Amino acid sequence: MTLLPRVETMIAVFYFGLFAASFDFISGYTGYLSFGHATFYGAGAYLVVLAANGKLSVPYDTPFMLLVVLAGLLALGLALAIGAVSFRLSGVYFAMITLGFSQVIYVFVRDWDFVSSAPRDGAAVIGPSGVTPPSFDIGVPFVDALNLAVGQLSGDTVEGLFGVLNFSTTEVSYYMIGLVALGCYLAMQRIIHSPFGRVMIAVRENEERARAVGYDTFRYKLAAFAASGFFAGVAGALFAGWRRSVAPDNSLFFLVSGDALLASIIGGFGTLAGPLFGRLFDETIREFLSKEGAGGGLLPYLREHLSEGALATEIFNGLTVQEAISTFINGHASLYLGLLFVLFVLFVPNGLLGTLRERVGDTLAGAVDERLRR
């Protein structure tokens, strides 16, 4: 029985985990909940698809890594514009105004004919008329030897690396998208541990005191929001690069921000790496209890190991084992995830990583370093 998600699912953990980490970057370290964070994720995804279809003022075959940077910059610009208005409020009012901006953009894009002939269904990478759709390569722009194409239905394979290593198209996408996500995570960690990051935490702990000692907290919050938007845009670009399509409901809708919030709460608010673990936990449970069980899990295990007689065994009042599986397990992953979410809020308020840090009295890296010094 497989407990860990498939490689395809782990790729989704990487790009969405990066988006959730960007959400935690602003919400967990400044205390300002951005319920409209999906705007930046969707902006990055749409920029990649529209550019590849020749609908923007950039060549349709612009190197993917440059599109990733442009996606981040577009999201950064949006974050500056939205943050300049939203940070005049605080608490629940800040959360609501960011949600309001997000919904306006969602409705606008959903009905915008420029995106595609069916904007409600989204847009796919088809390239400009009469040309082959571009591939999305991760590596050093303009250096072909250092680029590898990623994509759900297309991509590069690697055979005979170092004489022994072979990677399929999916595995190449896994490592390359994971590499970008890791680089962004390390960049966010560096910012958090800089003097700028200390001010972010000061704002979260007591904004009035931070202002009283001379910090212009509005500018710090706005800069943190812009940085968070940048990394969310990069995550959206990776999402579009892997899926080669985007739709309003899977990128701009407010529930996408809700999924980032869920990952942050499960993994641990204010831990940065926590949302990655939270998303991995989420995907693992979904796959373990999924209706298809394509990646292995409880249902295929039961189907494989229970005999016809065992499945037909009556448990209670005419209810057989087969019917019990269909009623209580099959396709109910979201139900059990909801229950787990409630249990996490009640009994593990600091999330998986936050609780672990409490137990070891430091960050995991710090605890390991201290143990090695002994």
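Predicted model: local features only at pLDDT ≥ 70, side-chain atom pairs only at ≥ 80, totals over all residues.
**Exercise 1. Transmembrane spans**

Take the spans 91–109 and 333–353 from the UniProt "transmembrane region" annotation and describe the chain in each.

Solution. 
- Step 1: Start with the record. The unreviewed UniProt entry lists residues 7–26, 64–85, 91–109, 172–192, 222–240, 252–273 and 333–353 under that name.
- Step 2: Look at residues 91–109. This span is 100% helix and 0% strand, and its end C-alpha atoms lie 28 Å apart.
- Step 3: Turn to residues 333–353. Here the chain is 86% helix and 0% strand, with 23 Å between the end C-alpha atoms.

**Exercise 2. The setting of Ser-116**

Solution. 
- Step 1: Ser-116 sits in the loop that runs between helix H4 (91–110) and strand E1 (123–124).
- Step 2: The Ser-116 side chain reaches the backbone oxygen of Ala-118 at 3.2 Å.
- Step 3: Leaving out residues up to four places away in sequence, Ser-116 touches Lys-55, Gly-122 and Ala-123.

**Exercise 3. A pair of strands**

Work out how strands E4 and E5 pair, and examine the turn that joins them.

Solution. 
- Step 1: Find the sense. E4 (residues 158–161) and E5 (residues 165–167) pair in the antiparallel sense over 2 bridges.
- Step 2: Name a bridge. Leu-161 has Leu-165 in E5 as its bridge partner.
- Step 3: Inspect the turn. The two strands, E4 and E5, form a hairpin with 3 residues between them, and Phe-162 in the turn has a positive phi of about 55 degrees.

Definitions and conventions: Residues numbered from 1 in each chain as written. Heavy atoms only, no water. UniProt positions renumbered as here; feature names shortened; annotations may be inferred. Helix = DSSP H or I, 4+ residues; strand = E, 2+ residues; numbered from the N terminus. Polar contact = N/O pair within 3.5 Å; in protein donor to acceptor, adjacent residues only side chain to side chain. Contact = heavy atoms within 4.5 Å. Pairing = 2+ DSSP bridges.
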